[in-house]
Amino acid sequence: MIGDIDLRDNRFRAVGVFALFAVLPLLIPPVFSRSYLLGVFIDMMILALFAMSWNLLFGYTGMLSFGHAGLYGVGAYAVGFTLNGTWIFPQVASLPVAFGVSLALSIVAAAVIGLFCVQRGNIYFAMLTLAFNMVLYEVFIQFDDITSGTSGLLFDIPDVAVLGLELNPADAFMYYYFTLAVLTLSVLVMWRIVNSPYGRLLTAIRENPERANFIGLNVKHYQWSAFVISGMFAGLAGALVSVRNLVVTPGLMFWAMSAEPLLATLIGGPYAFFGPVLGAVFFISLEEFLVGIVGNWHIALGIILIPVVLYLPNGIIGTISVRNVRSVVGRVVPSVGPDSVDDTEENR
Amino acid sequence: MVDPSTITTAALNGLVEGMLIFLTAVGLTLIFGVLGVINFAHGSFYMLGAYFTFFLVTGMNGVGLNGFWIALLVVPLLVAVVGGLVERVFIRPIYDYAHELQLLLTFALVLVIDNGARIVWGEQFRSINVPPLLDFTIALLGTPYPFYNFFLIAVGALVAVLMWLMFERTRVGKIVRASSEQRDIANALGINVPLVFTAVFIFGTALAGLAGVLAAPYKTIRPAMGETIIINSFVVVVLGGLGSFGGALVGALLIGLLNGLAFVYVPTFQPIIPFVLMAGVLLVRPAGLLGEADAV
């Protein structure tokens, strides 16, 4: 039922959305040339990617991960260790190499962690991901002789020669386009994934894992592969954030960080492909706006979030789109009680 | 290497910690078992309990009285009032929502309560003294050990016994268990289930408040203290079995003991032990140590 919402049968609209996403962002750096503002846009794109990776699990496969910050952190630390010369010779340590290492490591980490986590469904999945997240977090704090502990891993990026100019990829102007390119590519890949037969199977598993199992799908196998794909993109987002800050701290892996993609997605709308992107833009804008006013902006986030959950439980897109009304009723208000919340006998 | 005095002290410290976790985790598991809501904000009530105690005790010091004993009675009630309001206004509308939305709402409550505390009371650490009546040490295998820690363990044990008696031996306990197992049938039989829900939520938050009072002279009082204990309580609740009273007790004491011993003997691994234990138990026995298979 919720599968209706994606834009597949409305390809013209999809093309329009892509055009908007393709052209408008390209114009931002020349218009907003202050590097502070560019940084804000970069943050939006990073959170958008992080939230989309999370929503691949939540919105499409029906798995609530509370440990995505762990994989985000793995992606970030991989870049840090590559670029500060710990792992490979500094001569070959360039941005693309670092991102390659980061992708590979996120996939491996997600494959291992996912293998354990998908063994149990529902809340247990959430708790297991939280547990693995906290283990990673504590390991990176405890083994501070390697990771520099809470003070963080500092690294630098070598300049690259472009058209005879020595430029630094971490410079806001260049990094904006780099992040945009990574995000666009990732969005295209994710779009392809969720609109493939494989994506349909994931949606079927979300709707009813038990039935999917009876049809003959190996549910755990698909949940695992979805976890690995999602973890890979979460790691990529972490790689992006590491270069944005040029320092990697265990804070990136703290459980509260796992809440950010969750909040962005639920604000934007988990059952729409671009919901997490909209949510990320909203989330970062809100942060920028509120930090200037109240300093401690998290209280304002909480105050805004409460009515959102109570009155707009399907997020901004889910609430605006009339086509989603059925899904609002069907998803959010099942009959009564915890029994009705999970209909997945086999996951108990 | 294993010195009997060191190991006893480590184990006792672990038990103290375990009792504090028990008092919060048991409310969390009770609220989950009966209401079906995972209350992320439960640790914030613990934090409120500690702050209320701090202000009561420092306020009474001004007039030359020791407020701790009054706090022990009054603060859980104060926290319970806040809990009752929160349940009525915010939690009640979301009983029928999916778990993830409930988590999100209670997470929003954490943001509001904890950051409210940061704004109103500041980030600085605060502490109060142990009440004079309990402020002495007793020699334990030659090492002086603070008596207050024994008091804390005793109060936790007393609460555990009283709760067990209430749930297993009284009519109130039967009503609560009936509402948790078959809320529709309980409702049809004339039990005012919404009232039971509110009462359970209030009771659970009062216990968190009590844990806050007991923690006030023992730990540093700060806005983030709720976030620390809620993570531990989650681990305990899942470890013991969601909704299981006995599981919360066993899980909390186990985690407390292991933490206490690991803190002395393998400090590097101490922070990850609870999570590894939880993951291991979940994989081998998903219902938790004492949970029933169909508890969720």
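Biologist: What should I keep in mind before reading the values?

Modeller: Residues are numbered from 1 along each chain as its sequence is written, chains are lettered from A and ligands numbered from 1 in the order in which they are written, and side-chain values use heavy atoms, with hydrogens and water left out. Since the model is predicted, local features need pLDDT of at least 70 and side-chain atom pairs count only at pLDDT 80 or more, while totals for chains, interfaces and linings use all residues.

Biologist: Why is the pair A:Arg244 and A:Asp43 called a salt bridge?

Modeller: A salt bridge needs a side-chain nitrogen of Lys or Arg within 4 Å of a carboxyl oxygen of Asp or Glu. Here the N to O distance is 2.7 Å, so the pair qualifies.

Biologist: Which parts of chain A does that pair tie together?

Modeller: A:Arg244 lies in helix H10 (residues 219-245) and A:Asp43 in helix H2 (residues 35-61), so parts 201 residues apart in sequence are tied together. Helices here are DSSP runs of H or I with at least four residues, numbered from the N terminus.

Biologist: What makes A:Arg206 buried or exposed?

Modeller: Buried means under 20% relative accessible area, exposed over 50%, and partly exposed in between (1.4 Å probe, protein chains only). A:Arg206 has 9%, so it is buried. Its salt-bridge partner, at 3.1 Å (N to O), is A:Glu207; with 31%, A:Glu207 is partly exposed.

Biologist: What makes residues of chain A and chain B count as being in contact, and how many do?

Modeller: Contact means heavy atoms within 4.5 Å. By that rule, 46 residues from chain A and 46 residues from chain B take part. H5(A) gives the most to the side of chain A that touches chain B, with twelve residues.

How values were computed: Helix = DSSP H or I, 4+ residues; strand = E, 2+ residues; numbered from the N terminus.
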